[in-house]
Amino acid sequence: MAARAVHGIGVPVKRKEDPRFIRGKGTYVDDIKLPGMLVMDIVRSPYAHARIKRIDVSKALAMPGVIDVITGEELAKANLAWMPTLMGDRQMVLPTDRVVYYAQEVAAVIATDRYRAADAVLAVEVEYEPLPPVLNPFDALKPDAPLVRPDREQKSNHIWHWEAGDKEKTDRIFHEAEVVVAQDLYIPRIHVASIETCGCVANYDPVTDKLTIWMTSQAPHAHRTVFSLVTGIPEHKIRIISPDIGGGFGGKVPVYPGYVIATYATLKHKKPIKWIEDRSENLQADSFARDYHIHAELAATRDGKIRGLRVRVVADHGAFDAAANPSRFPAGLFSVCTGSYDMQAAHIQVDGVYTTKPPGGVAYRCSFRVTEAVHTIERMVDILADELGMDPAEIRFKNFVQPHQFPYKSPTGWEYDSGNYPAALQKALETIGYQELRREQAERRARGELMGIGISTFTEIVGAGPSHTFDILGIKMFDSAEIRVHPTGAVIVRIGVQTQGQGHETTFAQIVAEELGIPVEYITVEHGDTDTAPYGLGTYASRSTPTAGAATAVAARKIREKARLIAAHLLEVSPDDLEWKDYAFRVKGAPDRHKTMQEIAFAAYTNFPLGLEPGLEAECYYDPPNLTFPFGAYVCVVDIDRGTGQVKIREFLAVDDCGTIINPMIVEGQIHGGLTMGMAAALLEEIVYDENGTMLTGTFMDYLLPTAVETPHWKTAKTITPSPHHPLGAKGVGESPTIGAPPALVNAVVDALSHLGVRHIDIPITPAKVYRILQEKGVAE
Amino acid sequence: MIPGPVRYRRVRSVDEAVVLLSQLGTDAKVLSGGQSLIPMMKFRLAEPSYLIDINAIPGLDFIEERGGVLCLGALVRESTLERSMLVRQRYPILHDTAEVIADPLVRNLATVGGNLAHGDPANDHPATMLALRAQVVARGPNGERSIPIDDFFVDTFVTALQPDELLTEIRIPVPPPRSGGAYVKFERKVGDYAIAAAGVFLVLDEAGRITQAGIGLTNLSYKPLRAVDAERALLGQYASDELLRYAAELAAQATDPVSDLRGPADYKRAVARTMTLRALRRALERAQANA
C-alpha cells in the first residue's frame, strides 16, 4: 500500500458519499426494483373525524391490474389493525370503524403498477358519517369535548401530565421576586418535509421464510425489533435495510401504517410490495413536529439577575401519541429550558392532549423538544431585558453559567458537561461589530427605518443517552461499532447508527483513521442493514457522534491494544517499551524502530505471537456516561420593509461550539443546512388546518420551504470546548443551528419593533403578520 | 399525484391543432409548457380526455419587431424571453415579468402563450399585457382573429379563446420615446404566486406630462385586473410622488382579493398599493431616462 495521508480528525476530507449522489447513483428505497413487484397505494380520509359506515371495494377490485384491496377489518383478523407507537400508545394501522385525522389511511390498494393503483384508490367507495373535529388542545380538554380516543380506558382527551424541577422552591422565588415577566408563546405545527418521502419495499421469501424490508428508516434495528414484536415473526427472519436516505430529520423514526400494511401484503401475496408516499401524503399524514402552546414566566431581580423559570405547556399530539421520545420523557428533553443561564429554581409542567390531527410530535432536527425549550428561554430573556431596559447581550452576560461552574447541575436535573458561554457570545459580538450595529440602529430609527438585532445564546442537549435514564420501548439507548482490519490494512467499519445525509461514511472513517493511523481512503463504513450492522438505536437527536462515534473510537482503541502486542512481537521488545506516536508503534527512545498498523495487520494474519488470537477486529457497545451539551451564540440583523411587512435578513452570524470537530467541512455544511431550516421555521413554515380539520398546506406551493433565494449568506465561526466524558471530546452539531436560529431571528424582528412597544411575535413571522403590527403601530407605508 | 388516464397527440402545425380542437372540443386541452396544466392533472383538478401537444409546431417561438409591433410567438419560453437582448433593452417590463415567474426550472418550459391562455389571475403576464395594451392572436377553423387584451380575460381560468381556437401570437405596440414600464411583484418565496404584483407602463410628453398610462394587477381579483381609475388619474398630469401615491391608492381600491394563506384581503390590498407605487416609480424613472 502506497504511503498516503491519514486524514484523521480535524481534516476537511471530501465526503465519501458524494460521488455516488452527484452522479445520480445513490440507491434510495424507490430505486429498489424486484421481479414481480406489486405497488401499493393508500385510500385516505377526506374528514378529520368521522365514523366509517361502509367500505365497498368491489369496483376497485374489478379494475384491470388490481390484485387486492386491504381494509382494517381484514387486518383486525390478523390482529394488525392497531400497532404500538414508540411512546407506548397505540395507533391505527387501518381503521375498522372511525377515522381521527384528515388523510388518515383508510384502505390500501395492491396493483400491478403505480398508475392502476392510483386509479383504483379513487374507485374504493367509503361512506362516512362526519363527527365534530377537535382541532385545538384547549377545546379538547373541555369536559364536553368529543372524545378522540374512545378505545382508551381513560375517557378524556388528556394523555399525560409531566413535571420537572422543584415546584415549591420555584413558586417561592416567584412570590418573592422583584420582577416577573410572563408571555404566551405558540410554536406551531411544522413538518420535516425531507426531500425523499417515506416508503418501503417489503419482500417475503416463502422459500427462506425471510422477510426483507427496504425502508426509509432512521432506526432500522429498533424497527426490526418492533416488527418482530408486532407480527410475531422471529427477529432473525426479519431484515431491515435502510439504503440511501434522502433526509430524515426525525420524520423517519416513527413506524408508519404504510410500512405495516405493505408487510402484511407481502406476507399474504408472497410478492414484493412497494409503497412510496407522494409529496402530499407525506405532508398531510406523516409525523408533524412542535405544536406546543407555552406559557412562560421569568423571575428576576431589578438589576437583571434571573432567579427562576416557570413554564406550563399544552402539547398537541394529534390523535395518537406517536412521538419518538425516550420512554421516560413524554415531553422529550424540554426541561433543559433553563438554557445557558444560572438560576436557582425552575418548574416545568407539560400536558399532552389528543386532537383530531395527525399523530407525531417528532423531534424535527431537534433533540427531543429542545427546539421548543430554547425558543422559550431565548425569547423570555429578551422579554426580561425589554422589561428592565437592559441590552439583550448584557443580560445574557449577567446570567450565563460561568466556565468554572462546569459540570453544571441545572435546576431541572441535567448535568451540563462543559461550556464557555461568555467566550462564544464575546466572539459573536466582536465578529459582527455589535456596538456599531446598535449605533446604526439608533440612526435608522431616527429616520423611521426599522432595523433589528437579535441574539440567541443556546445550549443543546444531545447524545441520548445513558442507560440509567434513556430507553425506547425498554431498549437502552447505547450505540455500537464493529471494526475489522483486513490483512493488507484496509478496514471495514460497521456502525449501529444510520446516515441520512450527515456524512457518517466519511466522519466515522476519519475517527478510525485517526485512532489506527490508516489512511481514510482505505476505510469503508457500512450501516443500515440489520443483518450485518451491530445493534444500535439509530440516528436522530444528534446522537451519532456522541454514541456510535464514541463506540467507534473505543473499538479502534481495543484494536490498537491488540496491535501493540503484535508490534512488540515483531520488534522483539516488551509491549511496555512501545509508544503510539505519529500513527505507529515506536520503541521508546528509538522511534525509527516502529511498526505501522498496515504491517501489524498483515502480521495479525501471518505472524502473530503464540497464544494470541489471530485476526484484528473489535467491537464496542457504548453506553454514554452523560449527554453532551453543545452550545452557540448567534446574532442576526434584519431590516423590515414598511410597505410589505417583509423581514429581510441582512446578516446572520453563527458561532457554534460542538467540542472536538471531526470534519470541519461537514460541520460547516451541517450548520448551513440547519440555519436554513431554522430560518424557514421562523419565517415560512406552518401546517395549517381549516375549521373542518382539512389540511391546507399539503403541497410545496403552500408549505413553504426556502430556496437559495430566501437563504442569506450564513457567516460561521467557532469556539472549541471539548466534552470531558466523550472519548474524542466531540458533542454533536447537526441540530444546534435549527434550534438556535429561530429565536435569533424572532429576537431581531421584535428588536426592530421594540421601540413601538412590541414584545413578542409568534413564528412563523409572515409578512402579513408584521404588516398588521406596522398598521397597529401606525408605521405601515 | 398520479394523473388520470389521458390520450395524447403531438401536432406538427397550427392547422393540425385547430382541426383536432374542432373535433375534440372541450375534451381536449392544449399542452405547451405544461407547467400549470400538468400539476393540475396530477391533482386531478383537470382531467382532460386528450392532450394536444403543440411543442413540435415549428416557427412559433419568434421574438421580433414587425411594423411597429413586438410579436411574441405562443411557444416563446419564459427563459428565452428573460434572456432576449431585444426584450431586455426595449421592453424592461417584460424582462421584469419573465424574471419573477416561478423558478428557473419552470421558466425553461413555461411559455408566454400558456401563461395567458391559462386565464389564471395569479399568473404574471396578464397584468403586464394589460398595462402594455397587447393584442392576442388566435387561429380557429374560420381563420385568424386578433383579440384586444381587455377582452381576453373573461373569468377565472376562462378566456375569450373558443374551444377550437389556438393562441398563436401576442402583439405589443413598440414603445414610443419617453416611455417606460416595470413589473414589481411581492411573493412569500421564490416560485410562489404573487401576494400582489403590479405592471405599469407610462408614456410622457416632451413637457413631462403623462400621456398614456397602463396599470395591470396580478392575483387581486377573480381575473387579471386593469386599474382603470388609477390610469385615468395619471393622464395629463405631471408626475409627482404625491400623484403616484394617489394613483396607487386608486389601484388598491380597485382590487378585490380573497383571504388565503398569503394573507388577509386587506393586507393584499395594502401590498397592491405598495407594488403599484413601486412599479409607477420605476416605470417613471425608465420613461424619464428614455427621453
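## Exercises on helices, strands and a chain contact

The crossing of α17(A) and α18(A) is right-handed. The model is predicted.

**Exercise 1.** Classify the packing of α17(A) and α18(A): which word describes how they lie to each other?

*Solution.* 
- Step 1. Locate the helices. α17 of chain A covers residues 664–683, and α18 of chain A covers residues 736–753.
- Step 2. Take the geometry. The axes lie 7 Å apart, and the packing angle is about 45°.
- Step 3. Compare with the cut-offs. Angles under 35 degrees count as roughly parallel, and 65 to 115 as roughly perpendicular. The two helices are therefore oblique to each other.
- Step 4. Find the touching residues. On α17(A) they include I671(A), G674(A) and L675(A); on α18(A) they include P737(A), L745(A) and V746(A).
- Step 5. Sort the residues of this contact by class. The count is 12 nonpolar, five polar and no charged.

**Exercise 2.** Follow β6(B) to its partners: how many bridges join it to β10(B), and how many pair it with β7(B)?

*Solution.* 
- Step 1. Take β10(B), residues 166–173. Five bridges join this strand to β6(B), and the two run antiparallel. Here V137(B) stands opposite E169(B).
- Step 2. Take β7(B). β6(B), residues 135–140, pairs with this strand over six bridges, again in the antiparallel sense. V136(B) has I147(B) as its bridge partner.
- Step 3. Look at the link. β6(B) and β7(B) form a hairpin, with two residues between them.
- Step 4. Check burial in β7(B), residues 143–148. Zero of its six residues are buried, so the strand lies largely in the open.

**Exercise 3.** Describe the contact of the two chains: how many residues does each chain give?

*Solution.* 
- Step 1. Count by chain. Chain A gives 22 residues and chain B gives 15 residues.
- Step 2. Find the top contributor on chain B. Helix α12 (residues 265–289) gives the most to that side, with four residues.
- Step 3. Sort the side of chain B by class. There are nine nonpolar, four polar and two charged residues.

Terms used: Residues numbered from 1 in each chain as written. Chains lettered and ligands numbered in written order. Predicted model: local features only at pLDDT ≥ 70, side-chain atom pairs only at ≥ 80, totals over all residues. Contact = placed C-beta atoms within 7 Å. Nonpolar A, V, L, I, M, F, W, Y, C, P; charged D, E, K, R; others polar. Buried ≥ 20, exposed ≤ 12 C-beta atoms within 10 Å, placed from the backbone. Pairing = 2+ DSSP bridges. Axes fitted to C-alpha atoms, helices over the stretch in contact; angles between N-to-C directions. Parallel < 35°, antiparallel > 145°, perpendicular 65-115°, else oblique. Left-handed = near helix turned anticlockwise from the far one by under 90°.
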